[in-house]
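This report examines selected side-chain contacts in one protein model. Please keep the sequence and the structure in view while reading.

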Amino acid sequence: MPDLKTTQRYREILAPYRPNSGHLLAALHAIQHEFGYVPVGAVPEVARQLGMTAAQVYGALSFYSEFRTEPPARIQVNWCSGPACRLKGGDNIRLVLETVLGLRMEEQSEDGEIGLHLAQCDGSCDQSPLVWVNGKIVGGLTAADAVRLARELKTGKAEV
């Protein structure tokens, strides 16, 4: 249950969105933009504002992969699953990252430091295979590069 101040902030963010207007995804994006994720406590406020049930809101929240219901890790590692990356050995990069980081896709470390996520191609194919570390492209990776990167991320020695 969110505190009064947080509930008030949800209401301020949601004020422009109206019932029966198709604003559900926009409202969820607005909450996530503010908090970095959509806290489960925001669901009843979104439902109230849009004249929906909490189940309808949660259904959309859990369906779309771009929404998070937990705070993001401090370091976000996004593995590119695009064709160019995969043709150039991206699947090996993924296996290395998962093994060295001890994470599977869409997981984050227990301490909240590192998260590993599946990402779609953004057209940076000339730098494939690649990952994004907190939005910064790390490309032209070999399996050895990925091992080094993952170890540096785990020990806090990577520049992020």
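## Salt bridges

Arg11 and Glu45 are joined by a salt bridge, with 2.8 Å between the closest N and O atoms. This pair connects distant parts of the chain, since Arg11 belongs to helix α1 (residues 4–14) and Glu45 to helix α3 (residues 43–50), 34 residues apart. The model is a predicted one. Arg11 is partly exposed, at 37% relative accessibility, whereas Glu45 is buried, at 10%.

Glu45 also meets Arg48 in a salt bridge, with an N to O distance of 3.0 Å. Both Glu45 and Arg48 lie in helix α3, 3 residues apart, which is about one turn of the helix. Arg48 has a relative accessible area of 44% and is partly exposed.

A further salt bridge is formed by the side chains of Arg148 and Asp145, at 2.8 Å from N to O. Arg148 and Asp145 are separated by about one helical turn because they stand 3 residues apart in helix α7 (residues 143–155). Arg148 is partly exposed, with a relative accessible area of 45%, and Asp145 is also partly exposed, at 23%. Elsewhere, a network of salt bridges links Arg9, Glu12 and Glu34. The count of salt bridges comes to 8. In general, side chains of opposite charge can pair when their charged atoms come close.

## Aromatic rings

A pair of aromatic rings is described by the distance of the centres and the angle of the planes. The model has 3 aromatic pairs. One of them is formed by Phe63 and Tyr64, which are edge-to-face, with 4.9 Å from centre to centre and 90° between the planes. Tyr64 also pairs edge-to-face with Phe67, where the centres are 6.5 Å apart and the angle between the planes is 85°. These ring pairs link Phe63, Tyr64 and Phe67 into a cluster.

At another ring, Arg94 lies over the face of Trp79, 5.2 Å from the ring centre.

## A nonpolar surface patch

Phe63 and Tyr64 also take part in a nonpolar surface patch of about 300 Å², together with Leu25. Leu25 is located in helix α2 (residues 24–35) and is partly exposed, with a relative accessible area of 31%.

Gly102 is found in the loop between α6 (90–101) and β2 (107–108). At 58% relative accessibility, Gly102 is exposed. The C-alpha atoms of Gly102 and Phe63 are 26 Å apart, and 39 residues separate the two along the chain.

## Cysteines

How many disulfides does a search of the whole structure find? The search finds 0 disulfides. A disulfide is a covalent bond between the sulfur atoms of two cysteines.

For Cys85, the closest cysteine sulfur is that of Cys80, at 3.6 Å, and this is too far for a bond because the two sulfur atoms of a disulfide must lie within 2.5 Å. Cys85 is buried, with 2% relative accessibility. Cys125 is likewise in no disulfide, the nearest cysteine sulfur being that of Cys121, 3.6 Å away. Cys125 is partly exposed, at 32% relative accessibility.

Definitions and conventions
Residues numbered from 1 in each chain as written. Predicted model: local features only at pLDDT ≥ 70, side-chain atom pairs only at ≥ 80, totals over all residues. Heavy atoms only, no water. Phe/Tyr/Trp six-rings, centres within 6.5 Å; stacked < 30°, edge-to-face > 60°. Lys NZ or Arg CZ within 6 Å of the ring centre and 35° of its normal. Buried < 20%, exposed > 50% of the residue type's maximum accessible area, 1.4 Å probe, protein only. Patch = residues over 30% accessible without salt bridge, like charges linked within 9 Å, V, L, I, M, F, W, Y side chains within 5 Å. Areas by Shrake-Rupley, 256 points an atom, 1.4 Å probe, with all protein chains shown as cover. Salt bridge = Lys/Arg side-chain N within 4 Å of Asp/Glu carboxyl O. Helix = DSSP H or I, 4+ residues; strand = E, 2+ residues; numbered from the N terminus.
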